[in-house]
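Please look over the sequence and the structure shown below before reading on.

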Amino acid sequence: MTARVNELADNTTVLKYALVAPAVFVILLIGLYPFVQLALTSVQNVTMFGADNSFHGAVHYERLLGDERLWSALWNTIWFTAVALPIELVLGYLLALLFLQPLPLRRTLIAIILLPTVISPIVAGATWRLMLDQRFGPVNQLIGWIIGRDVEILWTINPSLVWPAVLVAEVWQWTPFMFLILLAALSNVDREQLEAAEVDGAGAWTVFRKVVLPAIMPVVVIAVLIRGLDLFRVFDVIWTMTQGGPGTRTETISIYAYQMAFREFEISYSAAIAFLVIVLLTIAVLVALRRVEIAR
Amino acid sequence: MSYNKPVRRGLAAGIAAAMALWPAAAGAQSAADIAVEAAKEYSGITLNVLYEAGLQPLDPKNFTGPLWEELTGIKINVIEAPVDQMFTRTMQAHLADSGAYDVLNVIPNQMPDLALAGALEPLDAYVEKFGFSAELDMIAPVYRDNQMRVEGTIYGLPDDGDVLILYYRRDLFEDPENQAEFMDKHGYALAPPTNWEQFSDIGQFITDKYAPEIYGAGMLRQPGNAQYLFQERFRVEGGKFFDEQTMKATINSDVGVAVFQAMLAENDFMPPGVEQWGFIEAFNAFLAGDIAMTISWPPVGRWAAGYGRGTEALNWIPETTVADTIGYALPPGGRPELAVGYSLSVASGSRNKEAAYLFAQWMNSEEISLQRVQLPYALRDPFRTSHFESEEYRSRWPNAGDYLDTLKAGAETGLLDLSLIQTDRYEEGIRQALSRLWGGEDPQTILDDLAAQWDELTERIGVDKQKRAYLDWSNKPNAYPN
C-alpha cells in the first residue's frame, strides 16, 4: 500500500513538472535568451561598421567605469526616481483617502482622474511640451494673468526649471495609478480594526501606523516596485519634452542607452550599459523584496 | 490630400510632352526616357522610398509617385521618418538586412558613414549602364562634387540645393527715414548686412525703433537647426574644427567662444523666446512681418513671396504679409551653409536595386527635377544649373530672378556641413553645446567640454582614421572659406 502511494506521489510530481515545463520553457526562451544574447554582445565588438563577434573581454565594462556621461545619466535616473516616486505615492494616498468618502459624482471623478494613465507617455510628454511652450503654452499665460504681466519662462531650456517641468508631467501622468491601487487597498482595510482602535482612543497617526499601514503595506510595496522600475526606465516623457537636454541635463540611463544603441550604433557598448542596468535593478528588487520579508 | 485624376493626367501629359521634346533638342534619348523604358521591365513591383516626414513626401505622394506608376507600372510606397531618425532607420534596416527600403534620401554629410557601413549600393555601374553621366555633370558643381561620391565611388545623386540665405524686408531697409537715422547712428548705409557686426547693428536698430511690433531679426535657434548657423559662422570668422596635424578639436578656440557669445547676445534684439525657434517659428514670424531679417532654407523665400498661395497642401501656411517686400541676400560673411540637403541613394539591402536606381535617375533627371523644384509645395530646392537659369521658374513671381540668383551665388560660395566618420556624434555634441548655451552656461566651459568630448570620440574612432576622413573633407574647396 505504501509503495503504491509513493508511486502515485512520484507520478504526481512528474506530472506537475510536465505540466509546468512548457510555460517554463517559453519564459526561458523569451526571457533568458535575450539576456544571454545581451551578455554575449556586451563582450563582443558590434558597431555600425560591422560585427566582430570574437571575445573582447571586459573592454566595454572598463569603458563604463570611466564614462562620466553614463554616471551622470545614472545619477539623473536615481534622482528622478527618488523624487518622483514619493510625490506620486503621497499624492496618490491623499487622493485615495479623499475618495474613500462618499463624494458626489465619485465614479465620474475617478474616471476623469484616471485619464492621464491611459495616455501613451509620449503623448503625455508632447502635451506638456505644448502646455509649457513659451509662446503659445497656457502655463505661461496663466502665470502672466496671475502676476499681471507677460512672462517668458523657458521651461524646457532653463537648466533650473527643466527638471521641475519634467517632474510635473511625470507626476501628472502616474499619480492616478498610485491613487487607484491605494484606493483599492484602503477600501479593504478591516473596518472593525479601525473602529476598535478608535474605541481604544488611538490618534489618527497611531491608527495609520498600527492599523492602516500594515494592512495596505503589501499592496504599497508592489505599487512602489512597479512604479520604481518604470521610473528607472523612464524615456518617453523626457525624450519628448527635452530629448535629454539642455546639454545632457535631463539625460537618463534609458535615453543614454538609446543614444548609444540607435543613434551611435555602439551596439556592444549599449549592451554593456543595458547589462549594468539589469544588474542594478535586480539588486534593487532583491533588496526591496528582502526588506518586505523582514517587515513581515 | 492628393492630386485629382484630371490634374494628374494633365501633369502626365505635360511631362510626356516635355520628354518628347527633350530628346529632339538634345539629339539623343534623355536620361528620364531611358529610365522609364528600362523600368517597364519591373512593372507590378512596389518600391519603398524613405523620405523625411512632413512636407518632403508631398512630391512622391502627389507628383512623382503617381506619374512613375502611370509611366512604368511600378508603385511607389513612401515611408516617412523624422529627419533626425533617417540615419538611424537606414542603419537599422541595413543591420537587420530587412530590405525595408529601396530608395533612400541621404543627408550628404552622413553619406560616408552609410557607405562605409555598407548600407548604400554603389551606383557607378548603373550610371554607366543607363547613360546618366552627362546629366549628372549638369548638376551645380558644389553639389555634384561634394554630395555624390565617397572615396571616388558614386553613392548618391545630389537632389536638393539646400542653402541658408538671408531674407529681409525691403520696405524697412529702403525706408528713407530709416536710412537717414541708421546712417546718422552707424555711419554707413542701411543695407543687407555683409558681416555679423552689421547684422547686430541693423537688428538692434530695428528692434529699438519698432519692437514689439517688429524685431530686428528672428533666427533658427533650436539646436538641430542652429548648429548649421554655428558651423557656418565659426568658419566664416576664421575658426577651424580640428588641428590638421594632431586632430585635436579646436572648436573651443577664441573664435568659437566669440561666436557663441555673439549668438547669445543677438538673442537680445530678437523676439522673446527665440531660443525655442526652429524652421516653422522663424518662417511664421517672417511671413507675419514680425521680424525684419531671418536666415533659413530656400522654401521660406518662395512661400514668403506668395508662391504656392492657394495650394491645398500649403493651407497651413499663414498668409504672407511680405510678398511684395521680401528681399534676398547672402548671409553675413557671404559664405552660406549648404545645410542638410539630400541625395538619392539605393539601399544595399533592396530586393529591387535596379528598379530603385531607375526611379532615382528619373526623379533626378534634368526635365523631371525641373518640374519637381517648381512644385508649389516642394521642399526640393534648385540644384541644377538649368534650374537657376529656367525662364519658367524666373517668371514665377516678380523677383523670382533675384531669388534664383541668390541661390546660385550661395551654391557657388556655400560651405559644406562638417563630414567625418560618425559625423552625427560630433554634431550631437554641437547640438548639446547650443542647448547649454541657451540655458545660460558659460560659453568657454561649454566649448571646452565639447572639445574634450570630440577628442575622446576621435581617440575611440582612431586618430589616423579620422584624420584621413577630415583631411579628405577639409581639402574640398567648400569646406573652409579660404
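In this predicted model, strand 3 of chain B, which spans residues 103-106, is covered on both of its faces. B:Val103 and B:Asn105 lie on one side of strand 3 of chain B, B:Leu104 and B:Val106 lie on the other, and all of them are buried. Strand 3 of chain B pairs in the parallel sense with strand 1 of chain B (residues 46-52) over two bridges, and B:Val49 is the residue that stands opposite B:Val103. Strand 3 of chain B is also joined to strand 11 of chain B (residues 343-346), here by four bridges and with the strands running antiparallel; in this pairing B:Val106 stands opposite B:Ser343.

Strand 7 of chain B (residues 165-169) runs antiparallel to strand 8 of chain B, and four bridges join them, with B:Tyr167 standing opposite B:Thr294.

| Strands of chain B | Sense | Bridges |
|---|---|---|
| strand 1 and strand 3 | parallel | two bridges |
| strand 3 and strand 11 | antiparallel | four bridges |
| strand 7 and strand 8 | antiparallel | four bridges |

Turning to the helices, helix 12 of chain B (residues 223-236) packs with helix 13 of chain B (residues 254-266) at an angle of about 130 degrees, and their axes are 9 Å apart. Helix 12 of chain B and helix 13 of chain B are therefore oblique to each other, and their crossing is right-handed. Helix 12 of chain B contributes B:Phe230, B:Arg233 and B:Phe234 to this contact, while helix 13 of chain B contributes B:Val255, B:Gly256, B:Val259 and B:Met263. The residues of this contact between helix 12 and helix 13 of chain B comprise five nonpolar, one polar and one charged.

Finally, there is the contact between the chains, to which chain A and chain B each give 17 residues. On the side of chain B that touches chain A, the elements giving two or more residues are helix 4 (86-95), helix 5 (111-116) and helix 21 (423-438) of chain B. Helix 21 of chain B provides the largest share of that side, six residues.

Technical notes. Residues numbered from 1 in each chain as written. Chains lettered and ligands numbered in written order. Predicted model: local features only at pLDDT ≥ 70, side-chain atom pairs only at ≥ 80, totals over all residues. Contact = placed C-beta atoms within 7 Å. Pairing = 2+ DSSP bridges. Axes fitted to C-alpha atoms, helices over the stretch in contact; angles between N-to-C directions. Parallel < 35°, antiparallel > 145°, perpendicular 65-115°, else oblique. Left-handed = near helix turned anticlockwise from the far one by under 90°. Nonpolar A, V, L, I, M, F, W, Y, C, P; charged D, E, K, R; others polar. Buried ≥ 20, exposed ≤ 12 C-beta atoms within 10 Å, placed from the backbone.
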